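Work through the exercises below with the structure open. Try each task before reading its solution.

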Amino acid sequence: MDASVLTFLGISAAVIVTPGPDTALTVRNTFLGGRHGGILTAVGVSAGQVIWSVGTSLGLLAVLLTSESVFHALKLLGAAYLGYLGVQSLRSAFRGGPPRGSEPPRDARGRLGGLAAFRQGFLNNLANPKMAVFFASVLPQFAPPGHGMLSVLVLLGAVFSILTFLWLALYAVVIARAAEFVRGSRVRRTIDGTAGVALIGLGVSVATEGR
């Protein structure tokens with residue numbers, strides 16, 4: 001296997017396994033919607049990454065990152081969305097009910113609908129400015145210049161997206177199994193509160209960090 005491919009896979013793995021907003025949201029939604037909710041959150045996150053890779057191949061991300069005002073707006077948008085999800089989790093913890101915006105459960109296994117889980121994962125990833133920086137700065141280094149560069153960029157983005165899905169799906173399976181042992185409402189509310197604080201903290205971190 002070409003050394004550059006191994007390097008790309010190594011960098012991708014390091015980025016993917018580092019806990020961040022997508023990981024926190026997947027954990028939260030797995031507790032709310034079971035394994036199904038967690039996996040669909042992972043699908044939404046991966047779909048957002050596909051958008052980032054297409055944007056990179058078309059040169060749109062390079063334009064975005066050259067504009068300080070646009071990048072700052074994206075950063076604030078991402079922070080606000082994380083804060084919104086965190087506040088909803090805290091409200092659920094204090095009230096003992098499902099967060100606003102969650103779809104009614106189809107059975108007793110969860111309180112978060114599949115469509116809501118996918119949507120949250122998708123929007124959460126698209127509102128993460130670190131993804132824009134990663135795709136725009138790292139992917140082009142592994143794409144050969146010339147006619148085939150665009151297709152290689154999309155392919156690399158697809159590989160990164162698949163690896164992300166596999167990692168987050170594994171998270172969802174493990175967390176869902178653990179959740180089977182914490183069925184009590186008090187424990188659930190504690191988990192909601194912890195997730196809410198974590199998401200708000202990540203939102204503050206996104207808002208205050210530089211590039």
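**Exercise 1. Confidence**

Find which element has the lowest mean pLDDT and which the highest.

Solution. Next, go by element. Helix H3 (residues 60-66) has the lowest mean, 64. Helix H5 (residues 114-126) has the highest, 92. Last, check residues 100-110. Their pLDDT is below 50, yet the stretch has 21 contacts in the model beyond near neighbours in sequence. Where pLDDT is low, the predicted coordinates should not be read in detail.

**Exercise 2. The second largest pocket**

Determine which helices each supply at least two residues of the lining of the second largest pocket.

Solution. First, the volume: about 320 Å³. Then the lining, which has 20 residues; closest to the centre are Val15, Thr18, Gly20, Pro21 and Asn128. Now assign helices. H1 (3-17), H2 (21-57), H6 (129-137), H7 (149-179) and H8 (185-208) each supply at least two lining residues. Finally, sort the lining by class: ten residues are nonpolar, seven polar and three charged.

**Exercise 3. Asparagine 128**

Is asparagine 128 buried or exposed?

Solution. Locate the residue: asparagine 128 is in the loop between H5 and H6. Take the relative accessible area, 7%. The cut-off for buried is under 20%, so asparagine 128 is buried. Then list contacts: leaving out residues up to four places away in sequence, asparagine 128 touches Pro21 and Trp52. Look also at the start of H6. There, a side-chain oxygen of asparagine 128 comes within 3.1 Å of the backbone nitrogen of lysine 130. Within H6, Pro129, Met131, Ala132, Phe134 and Phe135 are buried.

Methods
Residues numbered from 1 in each chain as written. Predicted model: local features only at pLDDT ≥ 70, side-chain atom pairs only at ≥ 80, totals over all residues. Heavy atoms only, no water. pLDDT = per-residue confidence, 0-100. Helix = DSSP H or I, 4+ residues; strand = E, 2+ residues; numbered from the N terminus. Contact = heavy atoms within 4.5 Å. 1 Å grid on protein atoms, 1.4 Å probe; cavity = no way out; pocket = protein on both sides within 12 Å on 5 of 7 lines; lining within 4 Å. Points joined across faces, edges and corners; volume = space filled by probe spheres on them. Nonpolar A, V, L, I, M, F, W, Y, C, P; charged D, E, K, R; others polar. Buried < 20%, exposed > 50% of the residue type's maximum accessible area, 1.4 Å probe, protein only. Polar contact = N/O pair within 3.5 Å; in protein donor to acceptor, adjacent residues only side chain to side chain.
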